[in-house]
Amino acid sequence: MSTSLTDALLNVRTAYRLLADYQQHLVELLAFVRKELGATTYHQNYRNAVPRGFDRLELSDDAGRRFLPFNDISVLWIKPAGQQQDPIHQHEAGDLLIDVWVRSDTGNGLDKEPEAPVDKSASELRFYFYACSDPDGEDRNWFYSVWRSSDYPRRGELAAHKSLPGYKIYADALNLEDLGDKASARKAVAAMRERASAKLGQPV
């Protein structure tokens, strides 16, 4: 084995251990933010699903990226305002679905965002608050009926759901650099809650 290959494999092993530490931190950070928001876990969605097989995988230009752990995962939380028996399907005014999109590398060219070198990119948690403001009494699944049939607004913007008049969406984001310790994270989340509450017209 050449020295260069030995060094490369050493770098890979180092990267794997760094990734494991990073992901452990993210898992704990997400749990902290969820508790700060008073939400409960509901669902998760992988934007870049891991390939189910290796057949002809070598022909795919993004095969390597799709095996990356925690690569653009969304976790979905719910925060019911009422006391429903089934808060996933029976929504009341003030109910929230919170989508947290882990963007570990905003310069990876996903979702029509421009590709950028790592030093020009960022690491963010993007938040999308789905609020039920005017329920129509129909049973709706948060994931299939509301989340999957909507588009994301831009950061800082409030948008109406494109097919459900009683729902609106607010977008925000936190830079991971601003969430380095518990006090900083709590302050950043509190500021975001104020922004979201003002935009949505309800406490978040």
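**Notebook: chain layout, pocket and rings**

I began with the order of elements, which from the N terminus on runs α-β-α-β-β-β-α-β-β-α in the protein chain. My tally is four helices and six strands; helices (H or I, at least four residues) and strands (E, at least two) are DSSP runs, numbered from the N terminus.

A note on the source: this is a predicted model, where local features need pLDDT of at least 70, side-chain atom pairs count only at pLDDT 80 or more, and totals for chains, interfaces and linings use all residues. Residues are numbered from 1 along each chain as its sequence is written, and side-chain values use heavy atoms, with hydrogens and water left out.

**Overall**

I looked up the extent next: along the principal axes, the C-alpha atoms fill a box of roughly 65 × 45 × 30 Å. Of the 204 residues, 39% count as buried (under 20% relative accessible area, with exposed over 50% and partly exposed in between; 1.4 Å probe, protein chains only). For contacts (heavy atoms within 4.5 Å) between residues at least 6 apart in sequence, I noted that 63% join residues at least 24 apart.

**The largest pocket**

I then turned to open space. A pocket here is an open set of points on a 1 Å grid over the protein atoms alone, where a 1.4 Å probe fits, with protein on both sides within 12 Å along at least five of seven lines; lining residues have an atom within 4 Å of a point. The largest pocket has a volume of about 310 Å³, the space filled by probe spheres set on the points, which are joined across faces, edges and corners.

Which residues lie nearest its centre? They are Trp-101, Glu-113, Arg-126, Tyr-128 and Tyr-152, out of 14 lining residues. I sorted the lining into six nonpolar, no polar and eight charged residues (Ala, Val, Leu, Ile, Met, Phe, Trp, Tyr, Cys and Pro are nonpolar, Asp, Glu, Lys and Arg charged, the others, Gly among them, polar). Strands β4 (124-132) and β6 (167-175) each supply at least two lining residues.

**Rings**

Ring pairs link Trp-101, Tyr-128 and Tyr-152 into a cluster. Arg-126 lies over the face of Trp-101, 5.5 Å from the ring centre (CZ of Arg or NZ of Lys within 6 Å of the centre and within 35 degrees of the ring normal).

My search of the whole structure gave eight aromatic pairs (Phe, Tyr or Trp rings, the six-membered one for Trp, with centres within 6.5 Å; planes under 30 degrees apart are stacked, over 60 edge-to-face, the rest tilted). One of them, Trp-142 with Tyr-167, is edge-to-face at 5.8 Å centre to centre and 90° between the planes. Trp-142 lies in helix α3 (residues 142-147) and Tyr-167 in strand β6, so this pair ties together parts 25 residues apart in sequence. I found Trp-142 buried at 1% relative accessible area, and Tyr-167 buried at 6%.
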